[in-house]
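Hi,

Here is the structure I promised to pass on. Have a look at it first, and then read on for what turned up.

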Amino acid sequence: MNLLKIALLQIAPCDTLEENLEKGVSYCRKAAALGADIALFPEMWSNGYRIYGRPAAEWTAEAVPSAGGFVGAFQRLAGELNMAIGVTLLERYDGGRRNSFVLFDRFGERKLAYAKVHTCDFDVERNLTPGDDFYVTALNTACGEVKVGAMICFDREFPESARILMLKGAELILVPNACPMEINRISQLRARAYENMLAIATCNYPETVPDCNGGSSVFDGVAYLPELEGSRDTCLLLADGGEGIYTAELDLDQLRRYRESEVHGNAYRRPSKYAPLLDRRVDAPFRRPGCRDQSLL
């Protein structure tokens with residue numbers, strides 16, 4: 001078996017950028033000691049997603065550049081530990097502020113930089129600039145190359161996010177998160193993995209963080225095996241609410257065999273029938289509360 005070990009850093013943030021850097025480095029070292037191939041942080045780790053109940057001018061001032069010292073420290077650490085690291089940040093860039101994710105491979109090479117496409121424009125995230133696209137990279141691991149993409153929290157609420165990543169070749173989607181992972185949101189992740197025949201690893205904050213409850217998870221997307229009469233549970237890991245490192249091993253060989261033989265994913269799609277998905281003129285039954293631009297419907 002070709003097992004990829006994923007470590008979800010379900011940890012509570014500190015009060016400052018410097019403290020989050022120190023704690024993040026410490027937990028990455030612990031993950032590497034556990035034999036992890038990839039370590040994943042929860043959403044916006046640089047400031048602990050502390051954006052609610054504060055003036056926008058205050059929390060947006062905490063943004064850091066993706067090429068700055070905070071992110072650079074994890075780049076160097078990935079090379080030192082021979083472990084991929086997916087770090088998250090409130091990013092400062094020329095156009096404003098973004099909710100971002102940067103993935104380094106085990107050699108410390110930057111492989112993926114992604115900004116949250118589906119920002120929560122019904123709330124304070126309307127102060128952030130949405131990302132432009134979804135990306136997939138070939139991530140070098142001790143298990144060989146793995147095709148990896150990313151979504152961030154609210155992105156998982158849209159089937160199109162995972163579907164596009166699947167079409168771009170993703171085998172694994174990494175999902176930093178910061179919200180309560182109750183049964184419906186967990187079911188979304190299970191469904192995204194099942195319908196696209198890929199693995200989804202989600203890292204949330206623990207229950208000690210306001211409006212979060214742990215529940216980090218890994219679904220491998222493999223619903224059927226030849227030796228089983230019925231379907232199998234695709235959940236490899238569902239964490240409780242406690243702070244800690246939660247690990248799961250993804251069988252890449254099994255996943256790839258499954259993708260070659262099963263009927264989901266891209267096997268029987270009919271894209272010519274999906275035109276309304278891209279037609280902004282189609283009447284929508286709902287308006288979006290608080291959205292900055294209702295014309296996008």
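Let's start with R98 and E91, whose side chains meet in a salt bridge at 3.1 Å, N to O. For that term, the rule asks for a side-chain nitrogen of Lys or Arg within 4 Å of a carboxyl oxygen of Asp or Glu. Both R98 and E91 are buried, where buried means under 20% relative accessible area, exposed means over 50%, and partly exposed is in between (1.4 Å probe, protein chains only).

Before going further, a word on where this comes from. This is a predicted model, so local features need pLDDT of at least 70 and side-chain atom pairs count only at pLDDT 80 or more, while totals for chains, interfaces and linings use all residues. Residues are numbered from 1 along each chain as its sequence is written, and side-chain values use heavy atoms, with hydrogens and water left out.

Side chains of opposite charge can pair when their charged atoms come close. How many salt bridges does the count come to by this rule? The count is 15.

Another of them joins R190 and D233, with the closest N and O atoms 2.9 Å apart. R190 sits in helix α5 and D233 in the loop between β10 (217-219) and β11 (235-238), so this pair ties together parts that are 43 residues apart in sequence. Helices and strands here are DSSP runs (H or I, at least four residues, for helices; E, at least two, for strands), numbered from the N terminus. R190 is partly exposed, with a relative accessible area of 34%, and D233 is also partly exposed, at 47%. There is a network too: salt bridges that share partners join E43, K116 and E125.

Then there is E62, which forms a salt bridge with R54, their closest N and O atoms being 2.4 Å apart. Buried or partly exposed: which is E62, and which is R54? E62 is partly exposed because its relative accessible area is 25%, whereas R54 counts as buried because its value is 18%.

While you are in helix α5 (residues 183-196), take a look at R185, which has its place there. R185 counts as partly exposed, at 24% relative accessibility. R185 and D133 are 52 residues apart in sequence and 23 Å apart in space, C-alpha to C-alpha.

**The second largest pocket**

Rolling a probe the size of a water molecule over the atoms shows where empty space is left. On a 1 Å grid over the protein atoms alone, a pocket is an open set of points where a 1.4 Å probe fits, with protein on both sides within 12 Å along at least five of seven lines, and lining residues have an atom within 4 Å of a point.

The second largest pocket has a volume of about 450 Å³, volume being the space filled by probe spheres set on the points. Its lining has 25 residues, and Y49, Y52, A178, C179 and D211 lie nearest the centre. By class, the lining of this pocket has 16 nonpolar, 1 polar and 8 charged residues. Nonpolar covers Ala, Val, Leu, Ile, Met, Phe, Trp, Tyr, Cys and Pro, charged covers Asp, Glu, Lys and Arg, and the others, Gly among them, are polar.

Y52 is in the loop between β2 (38-40) and α2 (56-60), and is partly exposed at 39% relative accessibility. Y52 and P210 are 158 residues apart in sequence, but 9.9 Å apart in space, C-alpha to C-alpha. D211 belongs to the loop between β9 (199-203) and β10 and counts as exposed, at 58% relative accessibility. The phi of D211 is near 65°, a positive value in a residue other than glycine.

**One more positive phi**

C153 also has a positive phi without being glycine, near 45°. You'll find C153 in the loop between β7 (144-150) and α4 (159-167), where C153 counts as buried because its relative accessibility is 6%.

**And a helix residue**

F70 lies in helix α3 (residues 69-81) and is buried, at 6% relative accessibility. F70 and I11 are 59 residues apart in sequence and 17 Å apart in space, C-alpha to C-alpha.

Cheers
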